[in-house]
Every structure is written in structure tokens, then in C-alpha cells.
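Please look at the sequence and the model before reading on.

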Amino acid sequence: MPSHRSHDRDVYLEPERHDELSAGVPGDPSEQQQARKERKAGGRGIPPGATAIPRLGGKAHKGKPKLVRGKALTKAGSALHRALCAETASTEGGGVCDRRASLMLRWAADKTEMAERAKAAGDLESFRRLTESARMDLLYAREHAAKAAQARPRAPADPLGRWRLPGDATTTKAPA
């Protein structure tokens, strides 16, 4: 963090931006800059014979966070998430736990695990806040699953009923 002293106090200086380097500071020609030069006009496509772009591989995304399904704090958190999704699907969700409800249940599972860690460390205030937040996430997930189940189109009770004869013995009446 760049800083200097002024009137016996530390003063924070904003670091220089990478695209506004002061005179005398050499620019760093990175692999990304080389790759930009190789791209076709408009920034799309890789021309034949290009070497910088394929060489980058996954480096362009290294160190950047991404939302990955199944990533919880521990395996216990993942197991709790799966159990909550199965329970929500069978009770409120009409057999389905969609992505939004699953995400809210993931948050609840992670917060529950963090609350247990806070309780073990003796931080009761964090424990209380995390458990209350996890409870609210569970309630929101259940509410969303129930609304999504109500909005989901229903299949007809007897999909072959329109082809059956009126007096056919195999015809079953759908419950009202």
C-alpha cells in the first residue's frame, strides 16, 4: 500500500492504474496483450497459426473466484445441502428443487457450518447471527420452492383419456 508521511501522519496514496503508468515506469507486455494482437478484427476468433491464445489455457481465469456447484466449506456442508434439497423437493417443491431454492439452501448449509465453528470458538454473538440468517435462508428457500411448484404446469391426470372410448373399463377418473 503506497503511502508517505505528511505532518507526522501516514497519508494513503492511491496506487497508479495499470493503464496510466507515470514516465519512466516500463509497461509489462503480458501474454494477454500478445493474445489481443492475434485476434481478428472485432476481438472475435483465433486466426490459423495463432500461438499466444491457445498457450494461455486457463491462466486467464487463475485466481478469480467462480461459482462452482458442489463447493461448500466441507463435505458435511455438502451433505447437509443435499439433504435439504431432497427434503425441500419432496415436501414443498413438488418433486423438484430448482436452482434458486438450491442456492438459498447452499447459503443456509454454509452459514450453519460457520455458526458451528463460531460456537466452538466461543463467539456466541456470531453464532446467533449466523443461525438466524441460516433460518431465514431456509424459510426463503421453502417459500420459493412452494411458489415455483404452484407455477409449474401440471400434466393431465390421464394422458391417454382422450383416445379411450366412453364405456371402456380401463378408463380411470382423475381425482378432483
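Does Glu-125 count as buried, partly exposed or exposed? At 41% relative accessibility, Glu-125 counts as partly exposed; buried means under 20% relative accessible area, exposed over 50%, and partly exposed in between, with a 1.4 Å probe and protein chains only. The model is predicted, so local features need pLDDT of at least 70 and side-chain atom pairs count only at pLDDT 80 or more, while totals for chains, interfaces and linings use all residues. Residues are numbered from 1 along each chain as its sequence is written, and side-chain values use heavy atoms, with hydrogens and water left out.

**Helices H4 and H5**

- The axes of helix H4 (residues 99-121) and H5 come within 8 Å and cross at roughly 165°; axes are lines fitted to C-alpha atoms, for helices over the stretch in contact, with angles from 0 to 180 degrees between N-to-C directions.
- H4 and H5 are therefore roughly antiparallel to each other, a term for angles over 145 degrees.
- By class, the contact of H4 with H5 has 15 nonpolar, five polar and five charged residues. Ala, Val, Leu, Ile, Met, Phe, Trp, Tyr, Cys and Pro count as nonpolar, Asp, Glu, Lys and Arg as charged, and the others, Gly among them, as polar.
- Helices are DSSP runs (H or I, at least four residues), numbered from the N terminus.

**Salt bridges**

- A search of the whole structure finds seven salt bridges, each a side-chain nitrogen of Lys or Arg within 4 Å of a carboxyl oxygen of Asp or Glu.
- One of them joins the side chains of Lys-111 and Asp-137 at 2.8 Å, N to O. This pair links distant parts of the chain, with Lys-111 in helix H4 and Asp-137 in helix H5, 26 residues apart.
- Asp-137 is buried, its relative accessible area being 8%.
- Arg-128 and Glu-125 meet through their side chains in a salt bridge of 2.7 Å, N to O; both lie in helix H5, three residues apart, about one turn of the helix.
- Glu-125, Arg-128 and Arg-129 are linked in a network of salt bridges.
- Lys-147 forms a salt bridge with Glu-143, their closest N and O atoms being 3.2 Å apart. Lys-147 counts as exposed at 55% relative accessibility, whereas Glu-143 is partly exposed at 41%.

**Ser-126**

- Ser-126 lies in helix H5 (residues 124-151) and is buried, with a relative accessible area of 15%.

Conventions
Helices (H or I, at least four residues) and strands (E, at least two) are DSSP runs, numbered from the N terminus. Angles under 35 degrees count as roughly parallel, over 145 as roughly antiparallel, 65 to 115 as roughly perpendicular and the rest as oblique.
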